Amino acid sequence: MTSTTDTTTIEILPTEPTDTTETTAADASVAVRATQLSKRYGNLLAVNGLDLTVPRGSIFGLIGPNGAGKSTTFAMMSSLLLPTSGRIVVMGADPSRKPRTVRRRMGYMPDNLGVYDNLRVDEYLEFFAASYGIARTEWTDLVDGLLELVDLSVKRTAMVNSLSRGMKQRLSLARALVHDPELLVLDEPASGLDPRARVELRELLKTLNGMGKTIIISSHILSELEEMCTDVAIMEAGKLLAAGPPRQILERLGGARNVRVRFANGASEAFSVADDAEQSALLRRLVVEEGRDVVEFVEESGGLEQLFMSLTEGIVQ
Amino acid sequence: MMMNPVLSRELRERMRTGRAFVVVGIFLSLLTLTAYLVYQGSTTTGDISADLARQTRLGRDLYEWVLFVMLALVLFFVPALTAGAIAGERERQTLLPLQVTLLRPRSILVGKVLAGSSFMLLLLFASLPVMMVAYLLGGIRPLDGLKGVGIICVIAILLTLMVTALSALTRRVQTATLLAYGFTALLVLLGPLLYLTMSVADGSEGNDVENPPALLLALNPITIVADAAAGDNTSNSGFSSNNPLEWARSGVIKAKSLNDDSWFAWFPDDNFRAQFRVEGKDDGFPAWALGVVGLADLAALLSFLAVRRLRTPAETER
């Protein structure tokens with residue numbers, strides 16, 4: 001989308017080659033790898049020995065109750081916080097030792113909307129383009145492209161303080177994309193949004209994922225993550241409880257899933273199945289063996305919610 | 001070529017709000033009022049148009065009063081306009097997105113300082129016409145006028161740097177504002193208060209004249225401006241002025257004369273008093289330069305701490 005330039009008089013961190021010693025062949029398919037990552041604030045162990053692998057190209061949901069350590073993990077990923085112990089590698093570089101390499105390759109959207117109210121929408125994005133050292137000649141096209149992507153083109157010259165929360169959220173996302181990062185880390189991007197704005201955000205994230213970006217997202221709205229995420233990790237009290245594709249975790253835990261079937265006569269029945277094989281067997285039995293007129297066969301959402309509830313204990317640190 | 005993004009954004013935001021114009025209005029109104037009151041005060045005793053000596057004295061007085069009020073306004077407005085520079089970003093949660101960009105912490109600090117200083121310089125240059133009234137009356141040379149305004153510009157820049165650095169060390173705008181005003185008050189009052197306290201302690205021993213180090217009075221914006229604005233027309237040249245800068249000058253001269261022979265004397269090999277034109281000599285290290293160097297050292301120390309505080313990744317959230 002954009003390229004950066006070194007011909008600036010402002011103090012932009014210089015281009016730094018990726019630390020190749022840190023990138024192994026195995027890491028080529030990994031966007032983030034945390035190994036025994038811990039963060040302690042005084043007596044509080046906010047993140048406790050976290051082992052996490054985020055595959056490249058995935059939409060990765062980090063789930064957990066308030067105080068689980070999600071934002072702290074994101075802050076360590078984003079080169080804002082130093083881990084107390086353990087290691088994290090983001091896009092092949094250690095954010096503690098090579099923060100500039102990480103910053104060039106990732107976009108971070110914190111959970112709070114930090115926007116400058118006395119700027120216009122285009123000026124706001126131009127400011128961040130300048131902060132990433134992008135040449136002025138590229139700003140117009142860059143801003144046009146980003147505003148089109150987040151559907152804010154009509155608000156180009158509007159003041160930021162006149163935008164709705166949903167629009168500000170999308171503007172923040174555009175800001176995180178300004179330097180065309182490969183990895184997006186989004187902390188609670190859907191909080192406070194109305195249903196329409198949530199749907200729009202979800203679609204936008206799918207589009208970005210389709211563009212090849214790895215997305216790591218935290219949210220309390222589990223049904224949305226379930227639909228969107230290819231992988232999830234569940235945290236509580238700083239510890240990782242489970243990680244992987246949601247269905248795999250459910251199956252690993254031996255959890256059943258609910259399938260609701262609606263018949264042509266208007267009747268509706270719920271069935272409980274253990275896995276994909278059992279689900280297809282159910283459909284075959286209903287349609288082929290019993291000859292019933294099935295008009296709808298839906299796996300009920302709530303699987304992630306069910307998973308979350310079965311794994312977490314509501315521990316507050 | 002690209003301007004510091006923080007500076008560019010700050011200037012745009014600052015000039016977009018009506019606040020900037022209100023501050024310019026207040027600043028110029030107070031300076032004009034000062035010039036008017038000083039002029040009125042001198043002309044109530046009779047027409048001065050035919051008395052060249054009185055005119056010249058009035059010109060000098062007016063110049064020094066305007067300089068003093070200008071300095072007082074700088075000391076008031078710099079904390080008011082700059083204290084929230086970085087603490088405000090933290091409070092509005094706009095600092096975090098900035099810290100994950102490729103800007104260095106010192107670029108953020110420099111952008112903030114340049115934006116704050118630019119506005120203060122705008123205020124000071126806008127007040128030059130008021131200063132010209134004193135020039136028209138006589139008693140000062142154009143170079144003296146420029147020197148006076150120039151030294152206030154330097155103080156404004158250094159104070160902006162120090163207050164911005166303090167802002168980087170705090171989390172809330174309210175705390176930063178209190179800290180900035182407290183710090184500015186200390187800068188003005190600490191030296192003289194220490195001097196007075198030591199004078200009293202010294203005098204109570206009964207076997208010595210009061211002679212605390214006059215150096216205590218140097219790191220003070222009023223002393224710096226008083227010395228830089230002294231020019232050629234001082235008390236010994238027949239133009240006895242009556243204004244705060246003259247009082248500050250007299251105070252430092254007296255303090256210096258009391259400890260010329262002490263081990264802590266202010267550059268014993270030089271004659272500091274010469275810088276205040278007591279003996280008509282012009283050698284020695286100027287007092288204003290000594291003060292500016294002191295303030296610059298303090299500003300450098302605070303900036304170092306501020307840059308460290310802004311640096312990420314860090315142990316705790318910055």
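## Polar contacts and salt bridges between the chains

Between chain A and chain B there are eleven residue pairs in polar contact, with both residues at pLDDT 80 or more. A polar contact here is a pair of N or O atoms within 3.5 Å; within protein, one must be able to donate a hydrogen and the other to accept it, and residues adjacent in sequence count only if both atoms are side-chain atoms. On the chain A side that touches chain B, the elements giving two or more residues are strand E1 (30-41), helix H2 (99-105) and helix H3 (121-131). The largest share of that side comes from H3(A), with five residues. Helices (H or I, at least four residues) and strands (E, at least two) are DSSP runs, numbered from the N terminus.

Please keep in mind that this is a predicted model: local features need pLDDT of at least 70, side-chain atom pairs count only at pLDDT 80 or more, and totals for chains, interfaces and linings use all residues. Residues are numbered from 1 along each chain as its sequence is written, chains are lettered from A and ligands numbered from 1 in the order in which they are written, and side-chain values use heavy atoms, with hydrogens and water left out.

Three salt bridges are counted between chain A and chain B. The term stands for a side-chain nitrogen of Lys or Arg within 4 Å of a carboxyl oxygen of Asp or Glu. One salt bridge brings together the side chains of Lys39(A) and Glu315(B), at 3.7 Å from N to O.

## Extent of the interface

In total, 45 residues of chain A are in contact (heavy atoms within 4.5 Å) with 32 residues of chain B. The area buried between the two chains is about 3500 Å², and carbon and sulfur atoms give 62% of it. Buried area is the accessible area (1.4 Å probe) that two parts lose on being put together, summed over both.

## Two open sheets in chain A

One open sheet has three strands in the order E2-E1-E4, with antiparallel pairing. Its edge strands are E2 and E4 (85-90), each of which pairs on one side only. Neighbouring strands of this sheet are turned by 15° against each other on average, direction ignored. Axes are lines fitted to C-alpha atoms, for helices over the stretch in contact, and angles run from 0 to 180 degrees between N-to-C directions. E1(A) and E4(A) pair over five bridges, and Arg33(A) has Val89(A) in E4(A) as its bridge partner. Two strands pair if DSSP finds at least two bridges between them.

Five bridges join E10 (residues 257-263) to E12(A), and Arg262(A) stands opposite Glu296(A) in E12(A).

## A hairpin and some backbone details

E8 (residues 231-236) and E9 (residues 239-244) of chain A run antiparallel and are joined by five bridges, with Val232(A) opposite Gly244(A) in E9(A). These strands form a hairpin with two residues between them, and Ala237(A) in the turn has a positive phi of about 50°.

Ser79(A) also has a positive phi, near 65°, in a residue other than glycine; Ser79(A) is found in the loop between helix H1 (70-77) and E4 of chain A. In chain B, a cis peptide bond with omega of about 0° joins Thr312(B) and Pro313(B). Pro313(B) lies in the segment after helix H12 (287-310).

## A salt bridge across the chain

Over all chains, the structure holds 27 salt bridges. One of them joins the side chains of Arg56(A) and Glu182(A), at 3.9 Å from N to O. This pair links distant parts of the chain, 126 residues apart: Arg56(A) is in the loop between strand E2 (44-55) and strand E3 (59-63), and Glu182(A) in the loop between helix H5 (165-176) and strand E6 (183-187).
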